[in-house]
Amino acid sequence: MKNYILRRVGYSLLSLFLLSLTIFLFVRVTGDPTSLLLEPGASPEDIENLRRQFGLDQPLWVQYWRFIESFVTGDLGLSFYYRTPVLDLYFERLPNSLLLAAVAMALSLLIGIPSGVLAAVRVGGFWDNAGKIFTLLGLSLPSFFIGLVLILFFTVYLGWLPSSGSGTAWHLIMPAVTLGWYFAAAHMRLTRSSMLEVLGSEYVKLARLKGLPEALVIGKHAFKNALIPVITLAGINLVVMINVAVVVETVFAWPGIGRLLYEGISFRDFPVVQAVVVIGGCMIILVNLLVDILYALIDPRIRLES
Amino acid sequence: MTVTTPPIVATEPSPPAAFWRTQGFPLVPVLILLTIALVAVFADVLAPYDPQIGSLALRYRPPAWQEGGSMAHLLGTDHVGRDVLSRLIFGARVSMIVGITAVLFAGSVGTVLGIVSGYLGGWADQVVMRVTDAWLALPALTFAIFLAAIVGPSELNIIFILGLVYWTRYARVIRGEVLSLKQREFVRLAIVAGCSKRVIMWRHILPNVINSAVVLGTLMLGVVIVTEAALSFLGVGVPPPKPAWGLMMADGKQGLMVGHWWLTVLPGICIMLMVLSANLLGDWLRVKLDPQLRQL
Amino acid sequence: MSSQPLLSLENLSTHYVSQQGARVVRAVDDVTLSLHAGGTLGIVGESGSGKSTLALSILRLLPPAARIVGGRMIFEGENLLDKSDTEMRRVRGKRIAMILQDPMASLNPLFSIGNQVGEPIRVHEGASRASAWERAVALLKSVRIASPETRVSQFPHEMSGGMRQRIVGAIGISCEPRLLIADEPTTSLDLTIQAQYLNLLRDLQREHGLALIFITHNLGIVAKMCDQLAVMYAGQVVEQGPVSRIFSAPAHPYTRALLGSIPRMTDNRQHLTAIEGQPPDLSSLPPGCAFAPRCPMAIARCRVEAPPEVAIDEGRTARCWLAVPGVEATAATMRSNVA
């Protein structure tokens, strides 16, 4: 158990190291970092200062060490555009991203779980086939297309919902639907397969042998067990949502992390881009680690394996 | 006498891979893909206008069947008066070129590294798999945006970026395949026969993972095209004035609020058709060629 | 014993039909059996001989591909096949209960033991949560689980395999059913725990006046537990009757082969005798007797015509040409001619 957790933590640290190294090398090797990290039109002194600050005259590993050091101490540099520390910008936007992700997640689960259960209980039936089409569309339609079509209908034609910005619950609806759409399909697919697996289990068989009404067999014995992997995936996806909302937040001008990344690209504000990418990667590695440890604590089988 | 009984076990203890099991040949998707490919090849002949030149006097013309539209511009014109149909036709070329080359690039890098990693094991395996794990932690689109921000947007760079982002998905699946192939009789025979590791990997293992690579590539085509469109939409993909579908949608956004729907909806439908077709074909191929492929 | 049996199956057939309807598997084929109240019937056969399908047919809990295609199942004077799905549900767990073979997987990991043991009581008798819980404690006690008051609120993963199987047993008897079907209930248990569990089942049977159907491939268990025996081969009952008489003079060559290396009661061998050849493919059976290709005594007729079920003596039948009066003699002469 202890060994398993230690090994898992070790892997995560290794992943973090490789990720940071990758990002560092891409920035240094693919060109002159001064051109990325200094705004266009910087004075020669500024360039010289930056060279010294990053130790660009030093060997690569020294530079890497400094890069790590500054990240660990929370120094992610200054935004060219906003002229404030990137970390401040990040935390300013984070609540908006969390709000959007939470609502989108709730929507995706509200759609994905019931439809997945329905599809599994009626395998091969009408709902199962309808569900298949839904997941296929959900996983194939690009989110910017969905977002723009929603704007066209609900803002331009019907005039019901605001097309961009934030502030009221109305502003949240379309971005949340657009972001949640893909995940609803993913959650439906997992609910269906998880439910099918549980429905074939011995304890569901026993529940039927007990003479329980079908509603109780499915609602109590099958559903609760089938939900475990879905909730796990949802936990990971919540973090993923924060980091993939760039297109959605751009379409609806929602002031979250994704929008920050978009601004970073449009204003050629490289420190912002770098920070969003690095923090996103760390978040996802950490949530995966967390889920694995929780599973090890809950599930005795994993404990035995280690 | 027939008695209805409540099911005790589902008929199909379905693994996720069997999910979209399509029975017959996906004729419509293949026809759509073929059409897009032909349009891409013969874009110069088919397009009625130059996709990059427009006249401001003709801007925002709606499609022919709407009021104010004309047969001269069947699908209308955009914010600088360029013919939408011509841009869609040339957009097919961009999507096809970027999609196919990026998949080939990602596929060859991922397959080679997957085989090396799976067959040699040990040190090489650790390196490839740890890098794969680390890179997979970044959402594909975020990673692609980051790379695009560094190298700058161009059609060639996009291909390079997409290859770099997606090879990890290949490597992981192919490695899994190789691990099981390694245990098979014919590989053992080749070892006994004294074949070198290189010969075994390229003569014996590679031909056996090609099926999986093709299936994965078809499924990946859809993913890559969506990512390319998203990058273009965000302004870090194919640079203007090239007619990429994602870029057309980004340009069309301004006109959306005043009801110029055709500028966003039409390229959106093109992307959707292509991605859906690639996914349906990929699912069919998966069932057909490689029932063992359980991942992705 | 009363003349009216508790359960009688008359010409019961259950078939699996593939989706296109092209392949039909006769998992249970023309089975006629009966069991009196309080009696114990052992059903023995190789895996795939249809014994589990037979058990699930009685409860009408078959996989969707399986259909009961003919026959009658009279339980306490009613034909179970005439019952609606809801009526049938009220029979399950209440009047007929069943114990599955895998105690590790039979309990739901998310609910407490008390919840799962008390569940049938709440559903079938409308008992309150509190009284079902009390009954659960008493049931755990009756299956000899130490300190039932603490165990009742624990979860399956806190129990050993033997304990779980006894809990499954407690669930089975929770509503005092008239018939308990046990499908290889001890295969996954240790030898000593097996013996304990079998003793427990016997005691429960006596206390509650249960009838027991014991599905197994271990003849040692049959010898210990059962008074009636039915031997299944390829979906059919090839021989049935009182255990003692079958053991002393088996009439069917298959039974004889099974008994050829009868495991003693203490023997934990799971496998039956090595009978030459493979069990038949149920979807393409030979035209005559299904056992003929493996039968050391088969005669020409066995390969062309399926034998009828013939009465050998009081309460005993076999499906074999050699048991048909007059055939044995012909066969003997034929054999000597060949020799």
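# Briefing: chain C strands, domains and the A–B interface

In chain C, strands β4(C) and β5 (residues 78–79) run antiparallel and are joined by two bridges. This is a predicted model. Chain C holds 13 helices and twelve strands.

**Open sheet of chain C**

- The strand order is β2-β1-β4-β5 (chain C), in an open sheet of four strands with antiparallel pairing.
- β2 (24–35) and β5 of chain C are the edge strands, each pairing on one side only.
- β1(C) and β2(C) are antiparallel and share eight bridges. Within that pair, Thr14(C) has Val28(C) in β2(C) as its bridge partner.
- Strand β1 (residues 7–17) of chain C is also joined to strand β4 (residues 66–75) of chain C by eight bridges, again in the antiparallel sense. Here Met73(C) in β4(C) stands opposite Leu9(C).
- At the β5(C) end, Ile74(C) stands opposite Asn79(C) in β5(C).
- β4(C) and β5(C) form a hairpin with two residues between the strands. Glu76(C) takes a positive phi near 50 degrees in this hairpin.
- As background, strands of a sheet pair through backbone hydrogen bonds, either parallel or antiparallel.

**Buried strand β9(C)**

- Where does strand β9 (residues 228–233) of chain C lie, and why is it called enclosed? Six of its six residues are buried, so the rest of the structure largely encloses β9(C).
- In a regular strand, side chains alternate between the two faces of the sheet.
- Both faces of β9(C) are covered. Gln228(C), Ala230(C) and Met232(C) are buried on one side. Leu229(C), Val231(C) and Tyr233(C) are buried on the other.
- β9(C) pairs with strand β3 (residues 40–44) of chain C in the parallel sense, over four bridges. In that pair, Gln228(C) in β9(C) is the bridge partner of Leu41(C).
- β9(C) pairs with strand β10 (residues 236–242) of chain C in the antiparallel sense, over six bridges. Gln228(C) has Pro242(C) as its bridge partner in β10(C).
- Two residues lie between β9(C) and β10(C), which form a hairpin. Ala234(C), in the turn, has a positive phi of about 50 degrees.

**Domains of chain C**

- The domain assignment gives domain 1 (7–95 + 177–328) and domain 2 (103–176) of chain C.
- The centres of domain 1 and domain 2 of chain C, taken over C-alpha atoms, are 29 Å apart.
- Contact between the domains of chain C involves 14 residues of domain 1 and 15 residues of domain 2.
- Helix α8 (residues 191–208) of chain C gives six residues to the domain 1 side of this contact, the largest share.
- That domain 1 side divides into nine nonpolar, three polar and two charged residues.
- Of the contacts in chain C between residues at least 6 apart in sequence, 64% join residues at least 24 apart.

**Largest nonpolar core**

- The largest nonpolar core has 265 residues. Those touching the most other members are Met241(A), Ala144(B), Ile145(B), Leu162(B), Leu234(B), Ile213(C) and Val231(C).
- Domain 1 (7–95 + 177–328) and domain 2 (103–176) of chain C both give residues to this core, so the core lies between them.
- Beyond its neighbours within four places in sequence, Ile145(B) is in contact with Val246(A), Leu261(A) and Ile265(A) in chain A. Its contacts of this kind in chain B are Leu231(B), Leu234(B) and Val236(B).
- In soluble globular proteins, nonpolar side chains tend to be buried together.

**Chain A with chain B**

- The contact involves 49 residues of chain B and 48 residues of chain A.
- On chain B, α4 (122–136), α5 (140–151), α8 (197–234), α9 (245–256) and α10 (262–289) each supply at least two residues of the side that touches chain A.
- This side of chain B divides into 36 nonpolar, nine polar and four charged residues.

**Confidence in chain B**

- Chain B has a mean pLDDT of 82, and 90% of its residues reach 70 or more.
- Residues 1–22 of chain B have pLDDT below 50. Beyond near neighbours in sequence, this stretch has 53 contacts in the model.

Definitions and conventions. Residues numbered from 1 in each chain as written. Chains lettered and ligands numbered in written order. Predicted model: local features only at pLDDT ≥ 70, side-chain atom pairs only at ≥ 80, totals over all residues. Contact = placed C-beta atoms within 7 Å. Nonpolar A, V, L, I, M, F, W, Y, C, P; charged D, E, K, R; others polar. pLDDT = per-residue confidence, 0-100. Domains from an automatic or database assignment. Core = buried A, V, L, I, M, F, W, Y, C linked by C-beta atoms within 7 Å. Buried ≥ 20, exposed ≤ 12 C-beta atoms within 10 Å, placed from the backbone. Pairing = 2+ DSSP bridges.
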